[in-house]
Amino acid sequence: MANFWNKFTIKQKLAITAWLFLAVPLVFYITIRFYPTFEAFYVSTLKWNLLGAKKAIGMKNYIKIFADEDFWLVLWNTIKYALVGVPVSMLIAFVIAYWLNEIDFGHDFIRAMYFIPFLTTAVAMAWVWRWFYQPLPIGYFNTMLSWFGIPQQPFLRSVTQGLYSIMAPAVWAGLGFQIVIFIAGIRAIPRSYFEAAEIDGAGRRQILREITLPALKPTIIFLTVVSTIGFLRIFDQVYTMSADSAGGPLNSTKPLVLMIYEFAFDEFKLGRASALTVILFLILLVVSLVQLWLMRKQK
Amino acid sequence: MIDVNATMARLERARPGTVILWTLLFLGGVVMITPIVFMAATSFKTGQEVYELSIIPDKPTLANYVFILQESKFMRWMLNSLWVATFSTASVLFFDSLVGYTLAKFDFRGRHIVFIAILSTLMIPTEMLIIPWYMMSRSFGWIDTYWGIAFPGLMTGFGTFLMRQFFMSLPDELIEAARIDGWSEFAIWWRIAMPLVIPALSALAIFHFLGNWTAFIWPLIVTNDPDIYTIPVGIASFNGEFQMDWEIVMTASCLATLPTLLVFLLLQKFIIRGIMLAGLKG
């Protein structure tokens, strides 16, 4: 055995070792990642309820989806989660990070208060938020509104407010992560940039606009993409918080992933559900490609 | 020793503006933790007291905790979550760093293709794979098993990429020297390279463990038997059972949050640094 092994050159030995190290992972990636990916595309061309026979129907699932009014509503809901959630959370996170960075006294303590929500389980916190949104006399938000003489709001039970009431806890939970990344980004900017600007007599605003923000561009792109993808895939909060039925009232809070879940595991329309996952995949792919393109321009 | 200059600088900065700023940030922080404080406070309240606005309960009680631990399967779910998350994190630490190291430090034909292939899995959303994973779990009998919950996350493209970045910054001479001393390749990785990337490993461990602890959609799909539920699935199942007993639900939510919170409070500096590290490199 040793004799046989010694016939190889050092370079060959290293290559063999490398493939040995990669053997188990490659089996994993092929069976648990790549094969299922192709299977998702394949199932999206079938009419299949998991138990009965598979029937190839080509692109019919996609045609049905695009003809379905609910799909367009759900797609628009999904986009709303990202379109509103991303800028709002990024703006709040940046303002807090920018000022928190200026503070030495109790810095870690205050940062911890903002970060702790990131460690919570969405499903567990959903109960707390649902309680906060209750009508009087139980609900805390409505109690607070009543102090100012503002009439009761329906929050989760409303077709117009439901989506934003579900978005709020998602923004709340993600804020800590965004703040920490922003602070890391601000601290990575060389001090000399700021010193030079101060010597040139630049004011705080000018420094923010002409030095801090441009230098943070990679951080901003990174966070935008990560949170866009996060909001486009929102599920936990909606599943556990929405009123009437999951995604209610009247589907007004239902995102794409919940629609996928219902088609696949409530109605067992696996073909239709798979076609929806392919659509989700394409949307996320576009987001990732935009990121790559923006990052390339950077360098 | 008192650093006079630093103290002076600090005093100088403590102008009224700074005090106002500090207070505003502090109040914002209080708003952030209100839901959590509220949840914790309610878990010590009796049923009659629940709807009162006070934070501190009049007659604090542990009855809700006793009820949750005795009357529900909460302990079981806790152990399920702990076991799945630990197993999965151990696997990710081992395999992601093994693959990351191989891709960073071995020169062999096909290295680039393997790297691109693994990196490309980052583009595939979990939701797309859930249906095939479910079909797979059904045909292999993985429904309602720990393996069924854990198998999709045993290796990750993100972790592999992160570890590769860190291993690339290790000097090649170190590895060459160990090779000349007759160390096996596995021993070089495990005993020389691994100890040098512990910060990266701990960042990866924290991320992966937290992700697993809070994961919802896949455990929800792959488990039907309440004995196998993870904590999030178990808490979501309260929906029908204890609908309006808010103090009970708050207690369960509190128990679910406690472990991650404790770990964070103990290792705050470490965890924040890890997240900054992963965020900047990743």
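In this predicted model, helix H4 (69–100) of chain A packs against helix H11 (residues 217–232) of chain A at an angle of about 145 degrees, with their axes 8 Å apart. Axes here are lines fitted to C-alpha atoms over the stretch in contact, and angles run from 0 to 180 degrees between N-to-C directions. Helices are DSSP runs (H or I, at least four residues), numbered from the N terminus. The residues that make this contact, with C-beta atoms placed from the backbone and lying within 7 Å, include A:Tyr81 and A:Gly85 of H4(A) and A:Ser227 and A:Phe231 of H11(A).

H4(A) also supplies at least two residues of the side of chain A that touches chain B. Across that interface, 67 residues of chain A are in contact with 64 residues of chain B. The largest share of chain A's side, 16 residues, comes from H2(A).

Here are the two contact surfaces by class, where Ala, Val, Leu, Ile, Met, Phe, Trp, Tyr, Cys and Pro count as nonpolar, Asp, Glu, Lys and Arg as charged, and the others, Gly among them, as polar.

| H4(A) with H11(A) | seven residues | six residues | no residues |

A note on conventions: residues are numbered from 1 along each chain as its sequence is written, and chains are lettered from A and ligands numbered from 1 in the order written. Local features need pLDDT of at least 70 and side-chain atom pairs count only at pLDDT 80 or more, while totals for chains, interfaces and linings use all residues.

Definitions and conventions
Two residues are in contact if their C-beta atoms, placed from the backbone, lie within 7 Å.
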